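I opened my notebook to look up two things.

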Amino acid sequence: MAKKVLVLIGGFSAEREVSLSSGKDIAAALQTKGYETLLYDLQNAWDFVEVLKKEKPDVFFAWVIIGKGSIIFWPVFDLVLDNLIFFV
């Protein structure tokens, strides 16, 4: 069974469209390697927590733009929902 990867895209900056476009490319590349992918457009952090609980991805890949052209790139890593830590 393929690992489920949640690709976190979007963000709140004027460059949000860049993250949406390139994030879709990342998801497509992962699919060609046999991964099940889900795209999540970050608009609300609390909704994101609920999506994590519902979808239970094996890993997530964050590719979001938080402002002033800064892309936050977190490499793919194992996600343990019971030990999830958010940095605010």
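I call a residue buried under 20% relative accessible area, exposed over 50%, and partly exposed in between (1.4 Å probe, protein chains only). The model is predicted, so I note that local features need pLDDT of at least 70, side-chain atom pairs count only at pLDDT 80 or more, and totals for chains, interfaces and linings use all residues. Residues are numbered from 1 along each chain as its sequence is written, and side-chain values use heavy atoms, with hydrogens and water left out.

Entry one: helix α1.
I take helices (H or I, at least four residues) and strands (E, at least two) as DSSP runs, numbered from the N terminus. Which residues of α1 are buried? I found Arg 16, Ser 19, Leu 20, Gly 23, Ile 26, Ala 27 and Leu 30. They lie on the same side of α1 because they cover an arc of only 130° around the axis, taken from the directions from the helix axis to the C-beta atoms. The face turned away from that buried side carries the exposed Glu 17, Asp 25 and Thr 32.

Entry two: salt bridges.
My rule is a side-chain nitrogen of Lys or Arg within 4 Å of a carboxyl oxygen of Asp or Glu. I counted three salt bridges.
- Lys 4 meets Glu 55 at 3.6 Å, N to O. Lys 4 is in strand β1 and Glu 55 in helix α2, so the pair ties together parts 51 residues apart in sequence.
- Arg 16 pairs with Asp 41, with the closest N and O atoms 2.5 Å apart.
- Glu 50 pairs with Lys 53 at 3.8 Å between the closest N and O atoms. Glu 50 is partly exposed at 47% relative accessibility.
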